[in-house]
Amino acid sequence: PGAVNSPGAAASPSNENDDLVMATKDGVFSIAINRPTKLNALTLQMYRDITAAIERAGSDDSTRVCTVTANGDYYSSGNDLNNFAQIPPEGVQKMAEEGGEILRTFVDSFIKFPKPLVAIVNGPALGIMVTTLGLFDLVYASDKAVFHTPFAETAQTPEGCSSFLFPRIMGLSKANEVLLLSRKLTATEAMERNLVTAVFPHDRFREEADKHVQKLAASPPKATQASKRIIRNNMIPALLEVNRRECEVLVEQWMSDEFVQAMMKFFQRKK
Amino acid sequence: PGAVNSPGAAASPSNENDDLVMATKDGVFSIAINRPTKLNALTLQMYRDITAAIERAGSDDSTRVCTVTANGDYYSSGNDLNNFAQIPPEGVQKMAEEGGEILRTFVDSFIKFPKPLVAIVNGPALGIMVTTLGLFDLVYASDKAVFHTPFAETAQTPEGCSSFLFPRIMGLSKANEVLLLSRKLTATEAMERNLVTAVFPHDRFREEADKHVQKLAASPPKATQASKRIIRNNMIPALLEVNRRECEVLVEQWMSDEFVQAMMKFFQRKK
Amino acid sequence: PGAVNSPGAAASPSNENDDLVMATKDGVFSIAINRPTKLNALTLQMYRDITAAIERAGSDDSTRVCTVTANGDYYSSGNDLNNFAQIPPEGVQKMAEEGGEILRTFVDSFIKFPKPLVAIVNGPALGIMVTTLGLFDLVYASDKAVFHTPFAETAQTPEGCSSFLFPRIMGLSKANEVLLLSRKLTATEAMERNLVTAVFPHDRFREEADKHVQKLAASPPKATQASKRIIRNNMIPALLEVNRRECEVLVEQWMSDEFVQAMMKFFQRKK
């Protein structure tokens, strides 16, 4: 896809309009979301491009670790709600179903990724970019990061396997606070709830996270990948099914009156 | 059942002997245990009435959230041990089997409840009213609440799906401290162990809990109920089976010599 | 086996070369690792002897609780890497397969143990003696204990069902820090991550742990064992399969070049 640099390219974007910047170095394949003027919201094309990049990192023999981070103040404001603004001529159902399929494929690529997957959360994270954190093996956060899943406000439902993983990561009573009541978590709260591995002061958090990433990339690769496999593989069938079901529920929700009303309110507020 | 007010009635009891007080307001169906002179211990009739109330709240279209709380100092001292005091003419086995069936049906009603279920724990909680907390979606507690499951002291075994959910909520080594060693938890400890969502100072805890309940009741109902479904539904078959098994084990235990001895000790101490 | 005292013997070793010391008292069967000059590393014979002792404690009617602890400063430095130093005439594969079988049987004995199993961790713990802690019902630790699983450094992979239980005990992002990045945990950190039930100051930790063990041994045995059964039994088939799979992966790893290189580095450093 045009917007994606080939791995092996330098870390600088090959094109000023690139919404993703990718690079490989010392066995680390890094994906940086690079749409800071839109708070790193994800367009449909960005979902597709991240999916393709993750799949490539998985099959590329020289890649030992894959990281996801972002440029700018935000990690990501999540799904770009403008994705819902243009209804295609085929109607709302067509739009919802295509959106669901793009989402399902995106999340599947995280579920199936066979090597260590590390999130480096540089700032506020919203929606899908919070819910997918349960699919990362390690999550390092700046103390400027916050985590927010406003499903109730947008009449949406949990994705990214969060309906399954969040209760298992932080217990049901804390997961429901996040998923049903949109409780915003600070970086420290997210760490106390086991969603985040470790939090570092913003001015040295990339350096600290990189130390761990480099250690991982320098570890015996056969042992590391076998370790990830036995830790994760027994969950994969359940996670693929959860993802399928979450997307199905979300597609139905996207076609509901309450979702249309929530979106109208949102776009009116923005004007 | 006579002891239960119909929802829609005012919050005041229709009858001075009512052991439960129910009310509906703004989409919230609230059940208050109201037997403060007996520390809100549950009689067999109260199990049946709570089961019926929960089922009614689940099928009533105007109900969006169901809360369980209590009047008086205690949330509930759990099962009224006087339930074991009168052996029917048919003998101990008959009593144990009927008790097991009442318990199983009671717990099933929590497992299957399709809308947000919120516990508002105003004071000390014991036994079954602690173990069922894992089946609530959100648990708010006063800082005067304590949580105690004295199974070892009474020669009983875990119910309310706690044998399954407590290890998943707080980890095995902490769950066993509660379930095998009867460790009493303060409200803060219960929150640190993810059994409780949040703790508030006693003098404003109902107000704080109500804010969250009202937010939940005002959320888009289709999205909220779909969210609860995907979070909980994949556990329901396992929970129904766990509940069935827990009740079976408890019925057997109730017919054992060690249980009879524990009860005799208990009733002698009370005199 | 020669190196094992029969239960019922006094706590003092019957033989100066005994690597394990066993005793029974008031319903408590205690196993103490007793090879302090080697930091309580486990020889192949010790694996076999602990397995036999655990099985005996399980079937012995007078035993109500089984404890595992150690003499000396360490709880255990884990697998004695000298177990890999002498390659038998049949070759590396034979050695790896035998090692895998001894390990699988060892871990199975913990999985299947039908009574409360309590770890009393007196000092640093490494490898297999950390990973098996998830199979104990209660884990008490001295504040001098630390917990370390250096799989990456030794090109090995998780065992003791840690690949399955650690994510369920402490959440994926914290479990991976331990299992993939060899993060060393202090006693307090291990407690915060729910691997440890409680930590006590070193000078009185045995006394404190003993109080809980004695309470457990004095509890109604039928109720206590039935409680453990309903808490654990629904996991046993999954755990046996996880153990089988973990050993299979480890056997393969033991035959890999990267493992041989890691061992060579280790033995060179020791000289």
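Mentor: Chain B and chain A bury about 2,400 Å² between them, with 62% of it on carbon and sulfur atoms; buried area here is the accessible area (1.4 Å probe) that two parts lose on being put together, summed over both. K222(B), I230(B) and I231(B) supply 27% of the area that chain B buries against chain A, more than any other three residues. This is a predicted model, in which local features need pLDDT of at least 70 and side-chain atom pairs count only at pLDDT 80 or more, whereas totals for chains, interfaces and linings use all residues. Residues are numbered from 1 along each chain as its sequence is written, chains are lettered from A and ligands numbered from 1 in the order in which they are written, and side-chain values use heavy atoms, with hydrogens and water left out.

Trainee: What makes a residue part of the contact, and how many residues does it take from chain B and chain A?
Mentor: Contact means heavy atoms within 4.5 Å, and the contact takes 28 residues from chain B and 29 residues from chain A.

Trainee: Why is the meeting of K215(B) and E153(A) called a salt bridge?
Mentor: The term requires a side-chain nitrogen of Lys or Arg within 4 Å of a carboxyl oxygen of Asp or Glu, and the side chains of K215(B) and E153(A) meet at 3.2 Å, N to O, so the pair qualifies. The count between chain B and chain A is 2 salt bridges.

Trainee: Which helix supplies the largest share of the side of chain B that touches chain A?
Mentor: That share, 10 residues, comes from α9(B), where helices (H or I, at least four residues) and strands (E, at least two) are DSSP runs, numbered from the N terminus.

Trainee: Is Q156(A) buried or exposed?
Mentor: Buried means under 20% relative accessible area, exposed over 50%, and partly exposed in between (1.4 Å probe, protein chains only); Q156(A), at 12% relative accessibility, therefore counts as buried. Q156(A) is found in the loop between α4 (151-154) and α5 (162-170) of chain A, and, leaving aside its neighbours within four places in sequence, its contacts include W254(A), F259(A), A223(B) and S227(B).

Trainee: Why is β2(A) described as largely enclosed by the rest of the structure?
Mentor: The description holds because 5 of the 6 residues of β2(A) are buried.
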